[in-house]
Amino acid sequence: MVGRLEVHRRLAEDRSALSHADGRLLWFLSDGRPRTLREIADGLNLEQSTVNRQVNAALSAGHLRRFAEPGRSARLIEPTEEGLAVYEAASARALGAYADGLAALGGESEKFLELLERFVGAYGEAVRER
C-alpha cells in the first residue's frame, strides 16, 4: 500500500510543472516577503549551499528574481509573476488530486482524515525515537 502511494506521489511530481525544490521555494516565498539566501536556508532548514544551487536553478527557470535593495549588502530573492502563476497552477492540480481521493471515500473522508492524523503523529514520534 505504501509502495503504491509512493509510486503515485512520484508520478504526480513527474507531471508537475515544478520540481520539488522549486515548489518548496515558491511556497516559502509566496507570502510576498523577499528574503536573503541565509533567510531561505534557515526557514527551510537547508544548507546554504543547497539553497544557493536551488535558487540558481529557479532563477534560470524564471521562477525567481534576485535584486539589490539600497542599504542592504545581501541581495534579496522573490518569486516572479510567472513563478507564482506556475506555483498556483501546480498547487491547484495537486490539491485537486487529493480532493478526488477524498471524494472517493464519500461519507468516510472525515474518519479517514482523523485516522491519518493519528497515524502521521505516531509515525513521526516513532521516527524521532529511533
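The legends below describe close-up views of one predicted model. Local features are taken where pLDDT is at least 70 and side-chain atom pairs where pLDDT is 80 or more, while totals for chains, interfaces and linings use all residues. Residues are numbered from 1 along each chain as its sequence is written, and side-chain values use heavy atoms, with hydrogens and water left out.

View 1. The largest pocket holds about 1600 Å³ of space, where a pocket is an open set of points on a 1 Å grid over the protein atoms alone, at which a 1.4 Å probe fits and which has protein on both sides within 12 Å along at least five of seven lines. The volume is the space filled by probe spheres set on the points. Its lining, meaning residues with an atom within 4 Å of a point, consists of 37 residues, and L5, R9, A12, A94 and Y98 lie nearest the centre. Helices, which are DSSP runs of H or I with at least four residues, numbered from the N terminus, contribute as follows: α1 (2–15), α2 (20–29), α5 (81–103) and α6 (109–129) each supply at least two lining residues, and α5 gives the most, with eleven.

**View 2. The largest nonpolar core around V55.** A nonpolar core is a set of buried Ala, Val, Leu, Ile, Met, Phe, Trp, Tyr and Cys residues joined through side-chain atoms within 4.5 Å, and the largest one here has 17 residues, with L25, I40, V55, L64 and I77 making the most contacts inside it. Two or more residues of this core come from each of α2, α3 (37–44), α4 (48–60) and α5. Beyond its neighbours within four places in sequence, V55 is in contact (heavy atoms within 4.5 Å) with L25, L37, I40, L64, R66 and I77.

**View 3. Two aromatic pairs.** The whole structure contains two aromatic pairs, that is, rings of Phe, Tyr or Trp (its six-membered ring) whose centres lie within 6.5 Å, called stacked when the planes are under 30 degrees apart, edge-to-face when over 60 and tilted otherwise. W27 and F28 form a tilted pair, 6.3 Å centre to centre with 45° between the planes. F119 and Y123 form a stacked pair, at 6.0 Å and 15°, and both lie in helix α6, four residues apart.

**View 4. N45 in a loop.** N45, in the loop between α3 and α4, has a positive phi of about 55° although it is not a glycine.

Conventions. Buried means under 20% relative accessible area, exposed over 50%, partly exposed in between (1.4 Å probe, protein chains only).
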